[in-house]
Amino acid sequence: MHNTSRTSRFTISRLRQRLKIEDHDDLSRIPPHLVDGIVSNAGNAHMELGNRSMAENGEEKNREHDDKKKKKRLLGGIKTMPFILANEVCDRFATTGFYANMITYLTQQLNLPLVKASNTLTNFGGTISVTPLIGALIADSYAGRFWTITVGSVIYELGLVSMTLSAVLPHLRPPPCPTQVNCKEASSTQLWFLYISLLLTSLGTGGIRPNVVTFAADQIDMSKSSVQSRSWNFFNWYYFCMGLSTLTALTVVVYIQDNVGWGWGLGIPTIVFALSILAFVFGAPLYNKLKPGGSPLVRLAQVIVAAVKKRKSVVPEDSKLLYENRELDAAISVHGRLLHTNQFKWLDKAAIVTESEAIGTNPPNLWKLATVHRVEELKSIVRMLPIWAAGILLVTAGSHQYSFVIQQARTMDRHLSHSFQIPPASLSIFGILTMLIGLALYERLFVPFARRFTGNPSGISCLQRMGIGFMVNIIATVVSALIEIKRKAVAAEHNLLDDPQAVIPISVFWLMPQFCLHGVAEVFMSVGHLEFLYDQSPESMRSTAAALYWMAISMGNYIGTLLVSLVHKYTGSENNWLPDWNLNRGRLEYYFLLVSGIQVINLVYYVICAWFYTYKPIEEITIKEEQDDEEDKIPHKRLSDANRNGDVELAINRESE
């Protein structure tokens, strides 16, 4: 009765409006049976209106949701690559063009002593090796990759501009000294301007170098199923573009610096990089920008602290009893959730749910309770580090190419014609060309051939690819030793061992095989190393993993310097392997064989690590699964949205009552 009365009051109110009857007018002139019929029909019509309104609201929400999903899928893709890779290519072009010949600029333009100039570049190199890790942590934790790259590019450009100004404005460098005798060294002010320029470029590199490759990979589907279905490898083409940029800088920019002038030699990379920043920012509406998931170092520390606090707890045999929270991990597991593994089970203690935590707040205190996904993030990093460390000594083996091999080249016949000689530093072009050709052949010939035997869509795994690179690198250093033996044999044959300035009648092209072999090693090892770090790192820490790649390169060079210093110190003064002045009386071939022996030990270590390595298990989220999940949620959203409409709520309440 109460329900009928309320419905009648509601309908009569609408009836008054419909018939334009004022409140004080009498409704008694309407027959009672007509009023009841009108009330009944109006109630049914109102219910239909409410249901229709609810359906329309749900369809509208559904359309909005579909539009958002379609818009999200339109972001990223191959169309973004020109904008992103332009930034990285120009960065590599500018970096190579600036610093390949920087020792010449410091000694001949700023008139610095050789040792001081060398130490300046060494300190600069050390700074560059640290900043990528800082930039990666900022990108992964707070700013995201897009803004970190953008800000880093602007800072880098400021460094390039200031360095170019020092080459153009006379008061920012000392007077010219063509004779290089009794030259006036750069003043403190001029040196500080140089140091600030180098610092700015170092900071900018930290924002660019670890993030561009991962940001580019974010634009395409890098899930295992998608990668296996593609006929091309992203990291192969990324490395190919970088090599082509380096080759261009070594040939064009270095020539301009030596033959045209340092103003244009430094100005061209500055202008090119400024254009790349504009291209990168111009493509911003097309990018798929993943949100940062918070500080990865904090998450790793939380897992360790939680595991230590629960060190006396017993891990349940059933891993399903460990703590999981998809909503909590949503921001750091966009493309898939890491599954539980049985390795490093001590860390699983961090995910044990105690009685007090079972009835505690949500989300929990992450310093006491971690999810399985966060525990597996730490496990992934621990598993990666031994493989990552093996790549350091490969860089050590190749670090001598830019020192001793160039000194070898200076003593050999470098003539291509009677009037033209190959500059010693230009020999590295052969390694880069081999790497570029090797990447193309690897993609088109090696992968289809290997696929027939392995069944792997990628031909071979990244760990197998790295192993081949290790073996080729050992062959390269052995060949270097044999070539040095040949060079000294020719020198002895012509009685030139005691004349370090003499040109030995042996072609410099004898050095080509070792450069080419090092280029082949890069095709396998360097690209495989970068792919491994990206693929096996947690998705929220990929910039940090890319920074580890550059850290390995830096540490390899430092170890190479340490190894050379130790060999020079402890091999005596009379028969020193690496003499200061006369390489002909040295034992450089012994050094190469020593490096080869170290590489053999390193290869054995790597094989053991790779044999026991466990690839991270991941529960990938496909587009279809996302659609199914969202469809399951839509009815609830419709009901929630419908309940905000007064008429619909009234109709539903009437129905329920």
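In this predicted model, the side chains of K379 and D348 meet in a salt bridge, with 2.9 Å from N to O. K379 lies in helix α13, while D348 sits in the loop between β1 (336–338) and α12 (355–358), so the pair ties together parts of the chain that are 31 residues apart in sequence. Both K379 and D348 are buried.

The general idea behind such a pair is simple. Side chains of opposite charge can pair when their charged atoms come close.

How many salt bridges does the structure hold? There are seven. A second one is formed by the side chains of E377 and R299, at 3.1 Å from N to O. This pair links distant parts of the chain: E377 belongs to helix α13 (residues 372–390) and R299 to helix α11 (residues 296–309), and 78 residues separate them. E377 is buried, and R299 is buried too.

Another salt bridge joins the side chains of E531 and R465, where the N to O distance is 3.8 Å.

The next topic is how two helices pack. The axes of helix α3 (residues 81–99) and helix α6 (residues 145–168) come within 12 Å and cross at roughly 30°. Angles under 35 degrees count as roughly parallel, which makes α3 roughly parallel to α6. The crossing of these two helices, α3 and α6, is left-handed.

Which residues of α3 and α6 make the contact? On the α3 side they are N87, D91, A94, T95, F98 and Y99. On the α6 side they are I149, S153, Y156, L160, M163 and T164. Sorted by class, the contact of α3 with α6 has seven nonpolar residues, four polar residues and one charged residue. Asp counts as charged, and D91 of α3 is among the residues in this contact.

Definitions and conventions: Residues are numbered from 1 along each chain as its sequence is written. This is a predicted model: local features need pLDDT of at least 70, side-chain atom pairs count only at pLDDT 80 or more; totals for chains, interfaces and linings use all residues. Side-chain values use heavy atoms; hydrogens and water are left out. Axes are lines fitted to C-alpha atoms, for helices over the stretch in contact, and angles run from 0 to 180 degrees between N-to-C directions. Helices (H or I, at least four residues) and strands (E, at least two) are DSSP runs, numbered from the N terminus. Angles under 35 degrees count as roughly parallel, over 145 as roughly antiparallel, 65 to 115 as roughly perpendicular and the rest as oblique. A crossing is left-handed if the near helix is turned anticlockwise from the far one by less than a right angle, and right-handed if clockwise. Contact means heavy atoms within 4.5 Å. A salt bridge is a side-chain nitrogen of Lys or Arg within 4 Å of a carboxyl oxygen of Asp or Glu. Buried means under 20% relative accessible area, exposed over 50%, partly exposed in between (1.4 Å probe, protein chains only).
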